[in-house]
Amino acid sequence: MAKEVDGRFQEIDRMYKAYQADQVLMSADVKKRREEEVVTKEKAAKDFQRQKFGPAGELETKSSAVMKPIQDRVAKAVQAVAEAENMDMIFDKNSEVIMLYANPRYDKSADVITRLGLKPGVFAK
């Protein structure tokens, strides 16, 4: 997708440079038509870029479709560990919550990983 977007903008750049090189030889009508071609092509390329990479674009949609089941599974595992150990709260150390100290005995990461059917300390492939 990114190569296609880049290709579109490279084509527009070539069109614009050709226009600049030839504009002294063009009539006013031809000059206006060529300017409109470049502007139209650039607008289409920007629209395509937004469709693929913008908010609610294809990349975001596909990423959400892949990540949501994983996030749901992790959330269920965290909830199960919390309920099994009668915990009221579990913090994500990697989020914006700042914790100055936490006793390692309260770290339930390994329990959540085990609940997910994985082995703590081993990266999933």
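Predicted model: local features only at pLDDT ≥ 70, side-chain atom pairs only at ≥ 80, totals over all residues.
Is E37 buried, partly exposed or exposed? With a relative accessible area of 34%, E37 is partly exposed, because that value falls between the 20% limit for buried and the 50% limit for exposed.

Helix 2 covers residues 28-53. The helix has 26 residues and reaches 37 Å from its first C-alpha to its last. That span is close to the 38 Å expected at 1.5 Å a residue.

Five residues named as buried in helix 2 are R34, V38, A45, F48 and K52. The cover over the buried residues of helix 2 includes helix 1 and helix 3. K52 has a relative accessibility of 12%, so K52 counts as buried. Leaving aside neighbours within four places in sequence, K52 is in contact with M1, G57, E58 and L59.

K46 also lies in helix 2. K46 counts as partly exposed because its relative accessibility is 38%. K46 and R8 are 38 residues apart in sequence, yet their C-alpha atoms are 9.2 Å apart in space.

## Salt bridges

Side chains of opposite charge can pair when their charged atoms come close. A search of the whole structure finds twelve salt bridges, and three of them are described here, one at a time.

R33 forms a salt bridge with E37, with the closest N and O atoms 3.1 Å apart. Both residues lie in helix 2, where they are four residues apart, about one turn of the helix. R33 is partly exposed, with a relative accessible area of 44%, and E37 is partly exposed at 34%.

The side chains of D47 and K43 also meet in a salt bridge, at 3.0 Å from N to O. D47 and K43 are four residues apart in helix 2, so about one helical turn separates them. D47 has a relative accessible area of 32% and is therefore partly exposed, whereas K43 is exposed, with a relative accessible area of 53%. The pair belongs to a network of salt bridges that links K43, D47 and R50.

In helix 1, which covers residues 2-22, D13 and K17 are four residues apart, so about one helical turn lies between them. Their side chains meet in a salt bridge of 3.2 Å, N to O. D13 counts as partly exposed because its relative accessibility is 37%.

## Helix 3: span, bend and cover

Helix 3 runs over residues 58-84. It has 27 residues and reaches 39 Å from its first C-alpha to its last, close to the 39 Å expected at 1.5 Å a residue. Where does helix 3 bend? The bend is at M67 and is about 30°, and a proline, P69, follows within four residues.

Residues A77, V81 and A82 are buried in helix 3. Helix 4, residues 109-115, is included in what covers the buried residues of helix 3.

## A nonpolar patch on the surface

Which residues form a nonpolar patch on the surface? They are V66, M67, I70 and V74, and together they have about 320 Å² of accessible area.

I70 is found in helix 3. The relative accessibility of I70 is 45%, so I70 counts as partly exposed.

## Loop residues with positive phi

Most residues other than glycine have a negative phi.

A56 is found in the loop between helix 2 and helix 3. Phi of A56 is near 65°, a positive value in a residue other than glycine. A56 counts as exposed because its relative accessibility is 64%.

N86 is not a glycine, although its phi is positive at about 55°. With 69% relative accessibility, N86 counts as exposed.

Note on methods. Residues numbered from 1 in each chain as written. Heavy atoms only, no water. Patch = residues over 30% accessible without salt bridge, like charges linked within 9 Å, V, L, I, M, F, W, Y side chains within 5 Å. Areas by Shrake-Rupley, 256 points an atom, 1.4 Å probe, with all protein chains shown as cover. Salt bridge = Lys/Arg side-chain N within 4 Å of Asp/Glu carboxyl O. Helix = DSSP H or I, 4+ residues; strand = E, 2+ residues; numbered from the N terminus. Buried < 20%, exposed > 50% of the residue type's maximum accessible area, 1.4 Å probe, protein only. Expected span 1.5 Å × (residues − 1). Bend = angle between axes of the 7 residues up to and from the residue. Contact = heavy atoms within 4.5 Å.
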